[in-house]
Structure formats: C-alpha cells, structure tokens
Amino acid sequence: MSTTPDSRTALRICPLCEATCGLTLTIEGTRVTKARGDRDDVFSKGFICPKGASFGAADGDPDRLRAPLVRKDGELREATWAEAFDAVAAGLRPVVEAHGPHAVGVVLGNPNVHTMAGALYPPVLLAGVGTRSLFTASTVDQMPKHVSSGLLYGDAHAIPVPDLDRTDHLLLLGANPLESNGSLCTAPDFPGKLKALKARGGTLTVVDPRLTRTAKLADRHVAIRPGTDALLLAAMAHVLFEEDLVDLGDLAPNVLGVEELAEAVREFTPEAAAGACDVDAGAIRAMARELAAAPTAAVYGRIGSCIVPHGTLASWLVDVLNILTGNLDRPGGALFPLAATDKTPRPAGPGRGFALGRWHSRVSGHPEAKGELPLSALAEEIDTATPEGSPVRALVVVAANPVLSAPDGDRLDKALDSLDFMVSVDPYLNETARHADVVLPPPPPSQAPHFDFAFNAFAVRNQVRYNRAAVPLEDGRLPETEILARLTLAATGMHGADPSAVDDLVIGQTLGKAVKEAHSPVHGRDPKELAALLTGESGPERRLDMMLRLGPYGDGFGTDPDGLNLERLLAHPHGIDLGPLQPRLPQPLKTVSGRIELLPGPIADDLPRLRAALGERPDGLVLIGRRHLRSNNSWLHNVPALTGGTNRCTLHIHPEDAARLDITDGDAVRIKGAGGEVIAPAEVTDGVRRGVVSLPHGWGHDRPGTRMSHAALDPGVNVNQLLDGSLLDPLSGNAVLNGVPVELARAGATL
C-alpha cells in the first residue's frame, strides 16, 4: 500500500464488533486516515466490514471528550485528572461508609469486552467495593446462554460454538451474522463461511421472523412467530426421541438425564407446537430429521432466541439438540474453544457446579445470575425505598448507556438525577453520562493496546493476537487501564496510591494461588520469583504475560521452551494460529457430577411455563428488534460514515398489516407499548412476516445535555421506551425485548 512521506502503517485488531478482524491502519502524524483488512492476520485474513473500514472516523470523532468533566455549580466543566479523581473519592467513599457497599451500583456496557481495560479492572473494582449491585449489558442480551451453559456444564463461560469451517449442516435461530458478523461466536468473515458451507454442499437453515440477509442465503427459511423458539426446539427434540433418532455417540459416557429429558419433552409434539410457532408440523419434523441425518451438524442460537420469555430454555435446547445428535464436542459440530489466556486446564472430574439466586434484588426479588442483577431492575433499585437495605445511591457506569439500552429509559433518566453521586467512564457525553458528577474519558482505540480476552473464548478457531497502541498517547490523556485502576483505588479507600498497586495486587494473588494448585505448571514455586520473570512495558502487559504463561499454551514460566509468552506473541504481529477447535470433554465440565447434566432442576422447574405456551396465540402485533451492519451500539450513531442508507431508525411493517392499518411507506407511525409511546417513520416491506413490526435498538439521541452532534441530527427513537421492564426471563433475569405486544396507528390517529 502506498503512503505519503509523512505517513506510516500500523496493525490494529478492530474493536467495533465481535468478529475481531485484523486491520492495517494508515496513520498521518497522529491521525488514522485509512483502514483496510490485514491480509496476513492469522484469523481474519484480510476480511473487513464497513465498521472496520470506518475505524479512523470513529477514532477521530471530534465529539470524543478529551479531558475529564466535573460537575460544579450544576454544570459539567473540564477539570484536571487530579481534580476528577479527588471528586470520585469524595463522592463514592461517603456512600459506602454511610449506607454499605451495596448502595454503590456498577453498570458495565457492551464496549467493556472490547478493551483490555474493561476485561482486567472491573472485577478488581467490584471485589474492592464489595457490592452486589452489578448490572451489565448481558441481561439485555446473552445472559440466558450463560445460565443454560452453567446448568448444563457447571460453568457459565463454557459456551460451545459452531465449527463453521467443517460443518455439513447449520441451523441458525435468532441470528443474522451477515449483519452482525456473529455474536458469542467470534468468526471474521462469517458471511464467507456461510457461503463456503453451501459451496461444499452443506445446508443452511435460518429461523427468523424477518427475511434477513442471512435468511436470503438459507436453503430453508422458517419465519417463526417471535418468542416461540423454545417450543420449536422442544418439538424437534420430541421428534428425535419419537423416531429413535437420538445418537449421542462418543458423548454417551459424559451425559446424565437422557431418559428424564425424553419424558420432559413428551408433550411437545410438532402438532402441538405448530400453532403457537406458526410453523407447519411437517416442517418441524423435517428439520429434526435433517439435523439427525447430516454427517455433522451444529445448532446456533443468538440474541433473537435470548431476549424472549423463554430465553434460557431456548438456549438450553440449542445445546440439547447438539447433544442428542452427537454433534457436541466433535469436529463439524459445536465445540468448546480453548483461548490462550484461559486458566490452566484442570484435570477432568466433578466441580462445584453452577448456582442461581445466591442473592436477590432488593425491590422485586429478582435472583442474581452469574453475579449480576437484571439491568431492567436498575431504575427501581435507585428510586424505590424498601424496609430492608439501602437503595442504590451512587453509580459507577463504565462504557454503558442504559438510558437507551434498558427498558423504560424515561424512568431511569429520572432515577439517575436522584443519585447522590455518579461517575461515568465514557468517551462521549451521551444520554446516560450527562447525569454524571464526574466523566472520565478514555483515549480513542488507536491510542490503546488491544487483546481480546473475552472473544477468544468464543472463537471458531484457536488463535492469539495482540497489538500495542498504534498512535502515541495524546498529551493530557490517561490510558484507560490507568483510569480504571485509579477509579478502583478511589472507590476502595486507597485514593492517591500508585495505580500500579492494582496490577501488583492481582499478579500477587494470581501467582500465589497458582503455586498451590497441583495441576498448575508452577506448582510449588516462589510467587515473587515468578513475578520477577514477567515482561511488559506496563502493569497490564505484565498481567497479560502472566496469563499467557499460565494458560493452556503457555511456557509455564520456563518449563516449556516452545510455550507462549508475551515476548513470543510480540514477535508475531499478525498473530499466532493455534489450530482448529478440538474435542475437549470431559475436561471443561464443572458440574457436581462431572458430567453433562441434561435436565437440571431449574430447567425442569421452568418447563411447565413452556408447556402453557403451547396454547398461546397472540392476536395483535408484536415487536422485534433489528441489527444493522454499520451499527453496534449507540456510540457509532455519531460517526457519519456509519449512518444513513439502510442504517436508519424506521419501523418495518408487512404490506398486509400496513394496508389494514391504513399506513403507507414513510408515514409517521405512533407505536404504543406497556412502557410508553414513540413515533417513527414506517418502512413497508415484506422482509418482516405478518403480525410483526421491527425497530432497531440504540437510537433516541434527542435528550438535552449531550454532546453527540451527528447523532442528534437524526436522533431516531428509543425502542426500549416501549417496554416497562416488567417482562423478564425468570431464570436469567434477561429482559424480554422481542415478541412484545404493541399497538400502531398513523401519527395523529387514535390508538
């Protein structure tokens, strides 16, 4: 690639979605002027999507905050970093001391899993404060999958992914990877992998109420009624038992509860499920037979099957079908990735298992899941008093915008104003951060190192890649890692201590534990000696080096000369390929039995609710969400290159529904739900089935006091305002965002 005399190139893993594609950046001075795919990247091999191509525009957005903001006399004003952290310490510690640690809430948004800082420091912050008031984006997204995996395998992070490069048959539910690039399945060029599946003679089946770009590629598109995925999957499981198609293969010694499961799905016949799903019983039987007959197959469900009333049951049944057909943990099926920074694999055997409801939310009594409370409950935990326990009086928000992402943003908007103190770590003054007393802005991604701790654990091929910052840190900025370290110190009564103390603490604790574990490569060694061997230019790099050395491919601090460490990784700027996914059972299992527990108690207890749904027939319109290729969260709506075109906040409605309601294309339409009303332009399309309307998420940039100038030009509407937050999947606490009833009328007409 040609460059000007003053330009250079640098490598960067894209942080704008879960595909984690490698980029080659062109940099002029300190400005990223171009981004293209890195053809030598061991994982993405040059693939890039519009978001990655717009990396420079997102990175250089002039609306990004460049200095901390501190509220003085009711207004947010620029301040020094010292003033900002002084204000944090003065605001948080009195709340903890007067009302206890649970009076401090922590909200973590989606972008946390896209940064090193977001992976390394929030756990230390939470442990240091001691709060149970944790709310994250997981409970408006994928928490059902964590819960079902925890119950099946004993580990909420043991999530098998489809072996896209080798499968013969792929069944997708509630997923549109041609737009999303995949989720809980890290796969650069997901579209190319689906086309390759078809080119080698494989079969793609897509279950989705919309005729998405992915559905158009499918051999079979099933336009299911929203929210009934679990019924469809249960009926398919019924067929496998009824027609003697169950074949666990090599899984058999590792599975408990097959006979009990057969009885549990006995009533879910295709004929019983067909009416509720609006899918022909013959089609359900054919799907089950095709899945069983395929040489290899994988079932993959994503957000559309999670954000529904039976999200955990649907997520569980995805894995059940993979297990019953013998496709779990085998090439071409669904396998457990092994990331380079995973903990040292322990010997197979019984574990502690996974528990739900170890504590409950103060107001509505929602059970915790994976240490989190439902984001839907955040407003009531702030604005509602109860006889026991303190409301949330202070809030730490890291890379989150729950005013737009949680149900009933209007109520939360008011609740945030009632807090004693709020600190937001965010590059923008957005709909949530505008309420903060202190805003701590991280630098743009080009000025930060990048390692994918989370997404490598869901990758369809084992690999490891790391980039140091492509651009030097701008004067007056702090690294995001240091921001979160200093925030942790300020929140835990150690304000003013050297931020390296946080990294030193974690390193000491981790190595101290590792040397006591019999299966560890450093068993019996001196933790201080091991710490002295760590390399890296910063505390975060030393922690990365430690995790690599202790991990499944690591050098064991010198015990394996060919093993992985930071120095070796830095010598491979395009990454290191660690090979295709391999069968791993029974090692990943941490259930009390040491086996896959096919019908866990909480699942069995929730099945009567699913049986009752067999008789449900909604007679009105229901709402579903929508994903755009050029969007991921509300931040990207401020990037001109990623807005306009198809990336618009319109209401998709089927022509027959539009005609019945006297709505024409472009009409302003009032949409009313349990949480309120919004008005959006109609887009009449047969891309959505009858009885279903669709609005995208993340819009609603019309509140005063924000500094997102481009987003405000075309603000759209907040789809989550149509929800009142009362609808949750009871096992996971996940918000029900799809399949909710709404009423429609042309603006000005009476509903």
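**A close look at helix H10**

Guide: H10 is followed by Asp244, whose phi is positive, near 55°. Keep in mind that this is a predicted model, where local features need pLDDT of at least 70, side-chain atom pairs count only at pLDDT 80 or more, and totals for chains, interfaces and linings use all residues. Residues are numbered from 1 along each chain as its sequence is written, and side-chain values use heavy atoms, with hydrogens and water left out.

Now the helix itself. Helices (H or I, at least four residues) and strands (E, at least two) are DSSP runs, numbered from the N terminus. H10 covers residues 229-242. What span should its 14 residues have at 1.5 Å a residue? The expected span is 1.5 Å times one less than the number of residues. That gives 20 Å, and the end C-alpha atoms are 20 Å apart, so the two agree.

Next, how covered is H10? Twelve of its 14 residues are buried (under 20% relative accessible area; exposed is over 50%, partly exposed in between; 1.4 Å probe, protein chains only). The buried stretch includes Asp229, His238 and Leu240. Ala230, Ala234, Ala235 and Ala237 are also among the buried residues.

H10 has a helix partner. The axes of H10 and H13 (residues 281-293) come within 9 Å and cross at roughly 65°. Axes here are lines fitted to C-alpha atoms, for helices over the stretch in contact, with angles from 0 to 180 degrees between N-to-C directions.

Which residues of H10 meet H13? They are Leu232, Ala235, Met236, Val239, Leu240 and Glu242. On the H13 side, the residues are Ile284, Arg285, Met287, Ala288, Leu291 and Ala292. Contact means heavy atoms within 4.5 Å. By class, this contact has ten nonpolar, no polar and two charged residues. Ala, Val, Leu, Ile, Met, Phe, Trp, Tyr, Cys and Pro count as nonpolar; Asp, Glu, Lys and Arg as charged; the others, Gly among them, as polar.

Why do such contacts come in steps along a helix? An α-helix has 3.6 residues a turn, so residues three or four places apart point the same way. Leu232, Met236 and Leu240 in H10 are both buried and part of the meeting with H13.
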